[in-house]
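Dear colleague,

I am passing on to you the structure below, together with a summary of what was found in it. Please read the summary alongside the sequence and the coordinates.

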Amino acid sequence: MKLGFDERVKSGALPRFFVCWTVALPWDGGGPVTEETAQRETASRSWWSTALVSAFGGPFGGFLWIGSGKPAVASLVVISAIVFALAYTGFPVLPGTDLAWLANFSGIGSMILGAALVVPFAHRFKPVRWYAHGFWVLVLVFLTTYPAAFAIRSFLFQPFSIPSSSMVPTLQGGDYLFVSKFAYGYSRYSVPFNLLPIEGRMFGAKPKRGDVVVFKFPPDPSVDYIQRIVGLPGDKIQMVNGVLHINDVAVGLKDAGTFSYEEREQPARLQRETLPGGVTHFVLDLTDSSIGDNTREFEVPEGHYFMLGDNRDNASDSRFMVGFVPYENLVGKAVRLFWNSKGTEYSSRQTLDGSVGK
């Protein structure tokens, strides 16, 4: 099964506007102060320079550039609050409308919005404050963007998108979700660029059976997978006639109707699975004769976990090439959906806490 079309998840990127600053920022530092330069310092900013700075530095950078400190701080607080609120409640979808292209152009939209908010105020203020100089605009925008984004992404929550079908129906193509980075502590895979070169985990907490987790693919840690933990260290795991057995005991499995599956003309069989400990979730059964329906018995070694995809007949998981997943390979716990780019309703699946069907 080809990795690029099955298990991988894609990580969200940090803001990228900073790389454009050295070209786009109208610099106003250095050189002797003459009558001409003094007049230029007290004149209002031009609309084009304000638009450029606002596009690449956001409304916060734009208001600083024109010499308006309070609106700069207010815009930073208000926009941050709106983003956090939308991320928690979820972004709206247009049913049946594929908006994947919108995610690709969201950066351009943010640039246009930033310029539109600030340019009308360019001639109402004078750039006489210290923070209106190009160097300080650059420093302040950097300090309020990159360190905060890096810290949130590395130690709190990281966004991922779902391009595959291995976790259908729990996760579907086009889903965007947040992964808690602190749920299991931190390992060398928690921070980008190998900036946390440690063995094992710091502040580690053990995952629970039924958790949906993002982890580094053991044969190639550069690839992120997302699947469900069904086997803990010391467990014996086996599939018998399509039913999961843990320590020689079959888990609860009940028919729950059908599920319209985009990769099949006929609806798939939907089942409700209950794991030891009480986590209940839906799984798909596409065929009665899948290669993964009957397996050997797997004994999970210490410090490792056994993963299964909820789409049992279309998942490359621990039954196959994924194998046992080391504890340190866990990136974090999937906790909340915040958008679906393909227009699929996700409100009933938004919280990934194992409460489906209860």
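The notes that follow cover a pair of helices, the salt bridges and one glutamine.

Please bear in mind throughout that this is a predicted model.

Helix packing

Two packed helices are described by the angle between their axes and the distance between the axes. For helix 3 (residues 47-65) and helix 4 (residues 69-89), the angle is about 175 degrees and the axes lie 8 Å apart. An angle over 145 degrees counts as roughly antiparallel, and helix 3 and helix 4 are therefore placed in that class relative to each other. On the side of helix 3, the residues that make the contact are Pro59, Phe60, Phe63 and Leu64. Their counterparts in helix 4 are Pro71, Ala72, Val73, Ser75, Leu76 and Ile79. Sorted by class, this contact between helix 3 and helix 4 comprises 9 nonpolar residues and 1 polar residue, with no charged residues.

Salt bridges

The model contains 10 salt bridges, counted as a side-chain nitrogen of Lys or Arg within 4 Å of a carboxyl oxygen of Asp or Glu.

Asp224 is paired with Lys216, and their closest N and O atoms are 2.9 Å apart. Both Asp224 and Lys216 are buried.

Arg312 and Glu273 form a salt bridge through their side chains, with an N to O distance of 2.9 Å. Arg312 is found in the loop between strand 13 (304-308) and strand 14 (325-326), while Glu273 belongs to strand 10 (residues 268-274), so this pair ties together parts that are 39 residues apart in sequence. Arg312 and Glu273 are both buried.

In the pair Asp317 and Arg319, the closest N and O atoms are 2.9 Å apart. Asp317 is buried, as is Arg319.

Gln172 is located in the loop between strand 2 (157-161) and strand 3 (175-180). Is Gln172 buried or exposed? Its relative accessible area is 16%, and because buried means under 20%, Gln172 falls in the buried class. The side chain of Gln172 reaches the backbone oxygen of Pro169 at a distance of 3.4 Å. Leaving aside residues up to four places away in sequence, Gln172 touches Ile162, Phe259, Asn340, Thr344 and Arg349.

With kind regards

Terms used:
Residues are numbered from 1 along each chain as its sequence is written. This is a predicted model: local features need pLDDT of at least 70, side-chain atom pairs count only at pLDDT 80 or more; totals for chains, interfaces and linings use all residues. Side-chain values use heavy atoms; hydrogens and water are left out. Axes are lines fitted to C-alpha atoms, for helices over the stretch in contact, and angles run from 0 to 180 degrees between N-to-C directions. Helices (H or I, at least four residues) and strands (E, at least two) are DSSP runs, numbered from the N terminus. Angles under 35 degrees count as roughly parallel, over 145 as roughly antiparallel, 65 to 115 as roughly perpendicular and the rest as oblique. Contact means heavy atoms within 4.5 Å. Ala, Val, Leu, Ile, Met, Phe, Trp, Tyr, Cys and Pro count as nonpolar, Asp, Glu, Lys and Arg as charged, and the others, Gly among them, as polar. Buried means under 20% relative accessible area, exposed over 50%, partly exposed in between (1.4 Å probe, protein chains only). A polar contact is a pair of N or O atoms within 3.5 Å; within protein, one must be able to donate a hydrogen and the other to accept it, and residues adjacent in sequence count only if both atoms are side-chain atoms.
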